[in-house]
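Please read the numbered points with the structure at hand.

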Amino acid sequence: MVYQISKLQFSYDSGFTLFVDEFLMQNSIVGITGPSGSGKTTFLLNLAFLYTGKWESFKFMGKEIDVDDLSSLRKRVTYVPQHPILFRRTVFENIAYPLKVRRFSHEQIRKKVYSIAENFRIQDLLNKKAWQISGGQAKRVCLARGFVFEPDVVLLDEPTSDLDEDSGKLIEQFILDVSSRTSIVVVSHDKQQLCRLCSNILYMEKGRLLHTL
Ligand SMILES: Nc1ncnc2c1ncn2[C@@H]1O[C@H](COP(=O)(O)OP(=O)(O)O)[C@@H](O)[C@H]1O
Ligand SMILES: [Mg+2]
């Protein structure tokens, strides 16, 4: 089991509360859909260990998580936000960043960055400054940066929402290809997309994970 969560609760000061009675995830692609404001992003941020609520049980990779050691858990999970956020550096440096902090060698970094850039068809952008590329290109750069260090889990928040059809298909194919070694949660409003990608689709409403479609 990748995640095994029972009675997770997280509240903002605004009054919104996320409550997940049970979430079980094996190595696979899980889809989450539901109206805007229902708590999908909030749930992903909890799964990424970036937000911490309360729970009865929260196991990651078979082990109850240790709230005093969230930083090591964060290294194994990537959250890719809906709206791309890039550093004011080149595209290459943006994608290389997670590898640098994990102390990969220069040679390994070069190889991995070029290889993933090819997958996302952004190899021609590597020397460009992050602020000189389009929104759709920035989205693909963020996705490449999310996958480049081969994390255990990738959490994708509306990964194809701002992309043209061809780029969307490219991302879908990449998700399918990588899913044998990486567990993926995809939040999407496109139910047909979720049906193409996921073995399990969940529905979120008013902060609750309701049912499988
Ligand atoms: N940082 C925040 N502080 C307070 N309220 C927030 C914050 N982020 C989101 N919310 C509220 O929590 C609810 C769920 O938001 P979100 O998880 O972004 O929903 P979704 O991703 O399904 O659109 C919304 O009502 C939103 O206004
Ligand atoms: Mg959202």
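Which residue takes a positive phi just after α4?

1. The model is predicted. In it, Arg121 is the residue in question: its phi is positive, about 50 degrees, and its place is just after α4.

2. Helix α4 comprises 14 residues, 106-119.

3. Ile109, Lys112, Val113, Ile116 and Ala117 are the buried residues of α4. They lie on the same side of the helix, because the arc they cover around the axis is only 130 degrees. An α-helix has 3.6 residues a turn, so residues three or four places apart point the same way.

4. The partners of these buried residues are α3 (91-101) and α5 (135-147), against which they pack. Glu107, Ser115 and Glu118, by contrast, are exposed on the other side of α4.

5. The protein chain is divided into domain 1 (1-69 + 151-161 + 180-213) and domain 2 (77-147). Their centres, taken over C-alpha atoms, are separated by 24 Å. Domain 1 brings 16 residues to the contact and domain 2 brings 9 residues.

6. On the side of domain 1 that touches domain 2, α1 (40-47) and β7 (153-157) each supply at least two residues. The most comes from β7, with 5 residues. By class, this side of domain 1 has 12 nonpolar, 1 polar and 3 charged residues.

7. Ligand 1 is surrounded by residues including Tyr12, Phe16, Gly37, Lys40 and Thr41. The shell around ligand 1 divides into 2 nonpolar, 7 polar and 1 charged residues.

Conventions: Residues are numbered from 1 along each chain as its sequence is written. Chains are lettered from A and ligands numbered from 1 in the order in which they are written. This is a predicted model: local features need pLDDT of at least 70, side-chain atom pairs count only at pLDDT 80 or more; totals for chains, interfaces and linings use all residues. A residue is near a molecule or strand if its C-beta atom, placed from the backbone, lies within 6 Å of it. Ala, Val, Leu, Ile, Met, Phe, Trp, Tyr, Cys and Pro count as nonpolar, Asp, Glu, Lys and Arg as charged, and the others, Gly among them, as polar. Helices (H or I, at least four residues) and strands (E, at least two) are DSSP runs, numbered from the N terminus. The expected span of a helix is 1.5 Å times one less than its number of residues. A residue is buried if 20 or more other C-beta atoms lie within 10 Å of its own, exposed if 12 or fewer, and partly exposed in between; C-beta atoms are placed from the backbone. The arc is that of the directions from the helix axis to the C-beta atoms. Two residues are in contact if their C-beta atoms, placed from the backbone, lie within 7 Å. Domain bounds come from an automatic or database domain assignment.
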